[in-house]
Amino acid sequence: MSTATGDAPAAELLDPAERMSLDELRALQLQRLQWTLRHAYTRVPHYRAAFDAHGVHPDDCRELADIAKFPTTTKADLRESYPFGMFAVPREQIARIHASSGTTGRPTVVGYTAGDVDNWATLVARSIRAAGGRPGHRVHVAYGYGLFTGGLGAHYGAEKLGATVIPMSGGMTPRQVQLIVDFQPEIIMLTPSYMLTLIDEFERRGVDPRSTALQVGIFGAEPWSERMRTEIEERTGIHAVDIYGLSEVMGPGVSQECVETKDGLHVWEDHFLPEVVDPLDGTSLPDGEEGELLFTSLTKEGLPIIRYRTRDLTTLLPGTARPQMRRMARVTGRSDDLIILRGVNVFPTQIEEIVLRTPGCAPHFQLVLTTEGRMDALAVRVEARPDAPAERRERAAADLVRAVKEAVGVTVTCEIVDPETLERSVGKLQRLRDLREPRA
């Protein structure tokens with residue numbers, strides 16, 4: 001591949017922002033932050049009301065640390081402003097609209113000016129390049145297209161890089177595999193759980209996943225673990241790197257793991273200001289401590305976002321491959337996905353680690369919360385590997401129940417189901433189903 005792991009990126013492969021000194025970057029961030037606060041306050045009624053209620057004004061931001069004086073923004077704020085109340089420019093200046101699925105209520109709607117779309121493409125191009133992609137590479141995009149930001153975000157970024165795009169979208173797994181064999185892409189972009197589904201399909205068709213032209217997989221849209229990275233890399237021979245983003249902040253390309261280090265995601269801080277806070281009381285936490293990730297956009301025109309509570313749990317760390325850009329550690333879970341089961345905190349990523357090391361289990365699982373009497377109960381549903389015999393499934397269920405008790409400290413039940421049984425949305429599994437009865 002073009003950039004071997006462990007090599008420092010050549011200077012000519014970095015854009016000017018990636019070559020800035022830390023002082024230059026911080027000065028640019030402050031200038032852009034002050035513009036963003038004024039833009040949001042003067043153009044968005046929600047922000048004017050929120051700032052006034054909080055007793056702050058854009059002029060109160062004199063240094064980057066002053067961002068902590070301003071109120072946070074939540075998904076509920078976007079839903080209450082549905083559909084276009086958070087837009088900061090006239091509707092006719094909005095070049096594109098994306099939205100969440102809205103499966104748990106009104107969707108969150110985001111708008112982009114033509115300048116926003118161009119910035120987004122530039123940052124995704126930077127991300128693909130940091131992952132090892134180069135102009136002329138073929139990029140197989142298996143994120144879902146449409147209102148979900150994954151497919152079009154990856155597509156425009158790959159084109160901006162000068163790559164050849166294969167806009168496959170999600171689903172049609174056998175055809176995905178056939179086209180990867182026939183079109184020989186060097187890069188693939190999709191969710192990690194769907195990549196494992198493709199690997200299984202390769203093997204089911206008698207094709208060695210290591211025999212393809214793929215060199216790099218850029219995986220996002222769901223939390224995943226180091227153990228899952230190891231499995232993908234060992235079964236395919238590719239570099240597996242993480243990309244992060246969410247539609248409320250931009251879409252994919254807010255931060256990217258660099259192929260030469262693979263040690264966390266560098267936040268593109270020339271466009272986004274990250275913070276970590278205590279998820280319970282919102283207190284700002286220093287770099288190095290885990291908490292909930294917040295983002296403030298620095299260049300968005302259509303929908304500026306101020307201190308957006310992502311609900312993702314991570315840690316901010318010093319930069320490595322891009323020294324002036326801080327890294328965010330791999331997301332360990334979501335503050336709203338925390339399960340408190342009989343007094344014990346449980347995150348889906350803890351269960352994933354156990355599933356991945358249990359023979360006979362595929363890396364596709366779902367947690368189901370129910371009520372038994374007055375107590376909550378947790379069931380783990382896991383897809384079997386295609387080649388796992390019936391007796392192996394029974395043993396795997398018992399092994400997993402025992403391992404969860406030992407490692408996490410809770411008692412669960414386990415059901416091993418047939419491959420490709422668990423429901424998926426835009427290529428990713430729905431990890432948690434809460435079927436508990438409402439308490440009086």
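This is a predicted model: local features need pLDDT of at least 70, side-chain atom pairs count only at pLDDT 80 or more; totals for chains, interfaces and linings use all residues.

Biologist: Which residues line the largest cavity?

Modeller: On a 1 Å grid over the protein atoms alone, a cavity is a set of points where a 1.4 Å probe fits but cannot get out, and lining residues have an atom within 4 Å of a point. For the largest cavity, these are Tyr 112, Asp 116, Asn 119, Trp 120, Leu 123, Met 250, His 271, Phe 272, Thr 299 and Lys 300.

Biologist: Which element gives the most to the lining of the largest cavity?

Modeller: Helices (H or I, at least four residues) and strands (E, at least two) are DSSP runs, numbered from the N terminus. With 4 residues, the top contributor to this lining is α4.

Biologist: How many residues does the largest nonpolar core have?

Modeller: A nonpolar core is a set of buried Ala, Val, Leu, Ile, Met, Phe, Trp, Tyr and Cys residues joined through side-chain atoms within 4.5 Å. Buried means under 20% relative accessible area (1.4 Å probe, protein chains only). Met 189, Ile 218, Tyr 244, Phe 295 and Met 328 have the most contacts inside the largest core, whose residue count is 70.

Biologist: Which helix gives the most to this core?

Modeller: The top contributor supplies 7 residues and spans residues 114–130. That is helix α4.

Biologist: How are the residues lining the second largest cavity divided into nonpolar, polar and charged?

Modeller: Ala, Val, Leu, Ile, Met, Phe, Trp, Tyr, Cys and Pro count as nonpolar, Asp, Glu, Lys and Arg as charged, and the others, Gly among them, as polar. Closest to the centre of this cavity are Asp 200, His 364, Glu 383, Pro 419 and Glu 420. The lining divides into 4 nonpolar, 2 polar and 6 charged.

Biologist: Which strand gives the most to the lining of the second largest pocket?

Modeller: A pocket is an open set of grid points with protein on both sides within 12 Å along at least five of seven lines. Ala 65, Ile 67, Pro 274, Glu 275 and Arg 326 lie nearest the centre of this one. Giving 4 residues, the top contributor to its lining is β10.

How values were computed
Residues are numbered from 1 along each chain as its sequence is written. Side-chain values use heavy atoms; hydrogens and water are left out. Buried means under 20% relative accessible area, exposed over 50%, partly exposed in between (1.4 Å probe, protein chains only).
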